[in-house]
Amino acid sequence: GSGESVERSEYLELMDLVESGKFDVVLTEDLGRILRRLQAHMFCELCVDNDVRLIALNDNVDTAHDGWEDRSIFSAWHHERSNRDTSGRIKRTHRNRFQHGGCLALPIAGYRKPSGAKGDDDLEKVPKFEEILKEWFRRLDEDEATFSEVADWLNDNGVPTGPYCRQEQWTGT
């Protein structure tokens with residue numbers, strides 16, 4: 001499970017196992033695999049309180065050695081900073097690609113992606129779908145139908161939901 005959630009079932013189970021007295025050691029690559037932020041350090045404290053040795057290999061944390069507390073807190077801070085830096089880098093990359101037309105969205109119903117398309121500007125409208133869209137919006141604009149009623153009309157006429165849609169039927173949403 002993800003180290004993001006303190007209340008996830010895997011972490012709660014791990015706490016129960018540590019408190020059970022049946023195990024002597026918890027071995028992990030790094031504390032961020034178990035939990036994040038200072039909760040990771042608090043988990044180390046739980047292990048110590050229950051006479052369970054915790055070893056986080058990549059973080060150089062071993063509760064059997066003096067000074068583990070400092071390394072545990074520093075590791076939690078380091079993982080948080082790395083996550084924040086990675087998130088920022090991914091956002092900058094996506095923003096740059098989007099601004100320069102290199103972030104091609106998956107086409108929705110009524111559009112197709114020709115081979116070699118590199119950006120949204122390269123998408124093509126499906127000509128027969130234009131009439132469907134005109135009728136769709138006419139019904140909505142003239143208060144002739146609700147979104148659910150438009151969805152029913154699309155389904156009744158066998159209009160496909162789109163190449164990347166998980167649902168095979170139109171809904172009001």
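The model is predicted, with local features requiring pLDDT of at least 70 and side-chain atom pairs pLDDT 80 or more, while totals for chains, interfaces and linings use all residues. Residues are numbered from 1 along each chain as its sequence is written, and side-chain values use heavy atoms, without hydrogens and water.

The axes of helix 2 (residues 37-49) and helix 3 (residues 68-99) cross at roughly 150° and come within 7 Å. Axes are lines fitted to C-alpha atoms, for helices over the stretch in contact, with angles from 0 to 180 degrees between N-to-C directions. Helices are DSSP runs of H or I with at least four residues, numbered from the N terminus. The crossing of helix 2 past helix 3 is right-handed (the near helix is turned clockwise from the far one by less than a right angle).

In this pair, Arg37, Leu38, His41, Cys44, Glu45 and Val48 of helix 2 meet Trp68, Glu69, Ser72, Ile73, Ala76 and Glu80 of helix 3, contact being heavy atoms within 4.5 Å. These residues comprise six nonpolar, two polar and four charged (Asp, Glu, Lys and Arg count as charged; Ala, Val, Leu, Ile, Met, Phe, Trp, Tyr, Cys and Pro as nonpolar; the others, Gly among them, as polar).

For helix 1 (residues 9-20) and helix 2, the axes come within 9 Å and cross at roughly 25°; the two helices are therefore roughly parallel. Tyr11, Leu14, Met15, Val18 and Glu19 in helix 1 meet Phe43, Leu46 and Cys47 in helix 2. The residues of this contact divide into seven nonpolar, no polar and one charged.

Conventions:
Parallel < 35°, antiparallel > 145°, perpendicular 65-115°, else oblique.
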